[in-house]
Amino acid sequence: AARYAAPAYYHLARHHQRQGDVETAIEQYEKAAALGVTAAYWQLGQIYFYGTGISPNHAQAEQYLEQAAQTGHISAQTLLADLLAAQRKPEALEWYRRAADKEQAEAQAKLAQYALTGELSERDPFQAARYAKAAAEKDHPEALKIMGRPRIGCGVTSGNMDSMVNI
């Protein structure tokens with residue numbers, strides 16, 4: 001019966017969240033999370049991180065995001081890393097690396113930025129270039145700036161604008 005209850009709690013929570021009943025949504029997400037639904041941990045982490053319908057609670061967000069991140073949830077890994085980086089905790093880099101290893105452009109761009117500035121670790125221009133290149137290949141705007149190819153708009157970068165002018 002529990003295998004049917006977990007998704008039911010999750011979908012009920014989504015319904016309540018869409019209706020603006022965040023308190024009931026949290027209760028249902030917690031039930032789903034207790035039954036192992038990774039997406040429920042992710043949703044709870046976001047609710048507490050952003051303060052969606054409640055006051056933000058970063059300690060609670062960290063707890064839920066870490067649960068989702070441990071299971072390999074890429075977006076949870078990146079948001080957890082953002083939370084830890086804001087607190088100047090070097091372990092943020094490990095979570096960014098995990099997401100970057102799965103080709104997540106946002107994590108790659110953040111690693112490039114931190115390697116470039118030397119925040120949270122020593123400066124490493126070679127790692128910065130490696131991560132920036134990987135994210136820029138996915139048209140990540142910050143990575144494009146690092147690589148010297150700012151995004152102009154509508155998917156146009158300074159690198160491909162010349163070819164468009166000759167059309």
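Figure 1. Take the 13 residues of α7: at 1.5 Å a residue they should span 18 Å, and the end C-alpha atoms are 18 Å apart, so the two agree. The expected span here is 1.5 Å times one less than the number of residues in the helix, and helices (H or I, at least four residues) and strands (E, at least two) are DSSP runs numbered from the N terminus. This is a predicted model, where local features need pLDDT of at least 70 and side-chain atom pairs count only at pLDDT 80 or more, while totals for chains, interfaces and linings use all residues. Residues are numbered from 1 along each chain as its sequence is written, and side-chain values use heavy atoms, with hydrogens and water left out. Buried residues of α7 are A105, A107, Q108, A109, L111, A112, Y114 and A115; buried means under 20% relative accessible area, exposed over 50%, and partly exposed in between (1.4 Å probe, protein chains only). They pack against α5, α6, α8 and α9, with contact meaning heavy atoms within 4.5 Å.

**Figure 2. The two ends of α7.** Just past the helix, G118 takes a positive phi of about 80°.

**Figure 3. Two loop residues with positive phi.** E103 sits in the loop between α6 and α7 and, though not a glycine, has a positive phi near 70°. Its relative accessibility is 47%, so E103 counts as partly exposed. D139 belongs to the loop between α8 and α9; this residue, also other than glycine, has a positive phi near 60°. With 36% relative accessibility, D139 counts as partly exposed too.

**Figure 4. Helix α8 and what covers it.** A128, Y131, A132, A134, A135 and A136 are the buried ones in α8. Their cover includes α6 (92-100), α7 (105-117) and α9 (141-146).

**Figure 5. The nonpolar cores.** In soluble globular proteins, nonpolar side chains tend to be buried together. Here the largest nonpolar core has 42 residues, and Y29, A40, L44, L65, A92 and Y96 have the most contacts inside it. Such a core is a set of buried Ala, Val, Leu, Ile, Met, Phe, Trp, Tyr and Cys residues joined through side-chain atoms within 4.5 Å. At least two residues of this core come from each of α1 (2-18), α2 (22-34), α3 (38-50), α4 (58-70), α5 (74-86), α6, α7 and α8. There's also a second, separate core of six residues, including A105, A135, A136 and L144. Zooming in on A92: leaving out residues up to four places away in sequence, A92 touches A81, L84, A85 and L120.

**Figure 6. Where α4 meets α5.** The axes of these two helices, α4 and α5, come within 8 Å and cross at roughly 145°; axes are lines fitted to C-alpha atoms, for helices over the stretch in contact, and angles run from 0 to 180 degrees between N-to-C directions. On the α4 side the contact is made by H58, A61, E62, L65, E66, A68 and A69, and on the α5 side by A76, Q77, L79, L80, L83 and L84.
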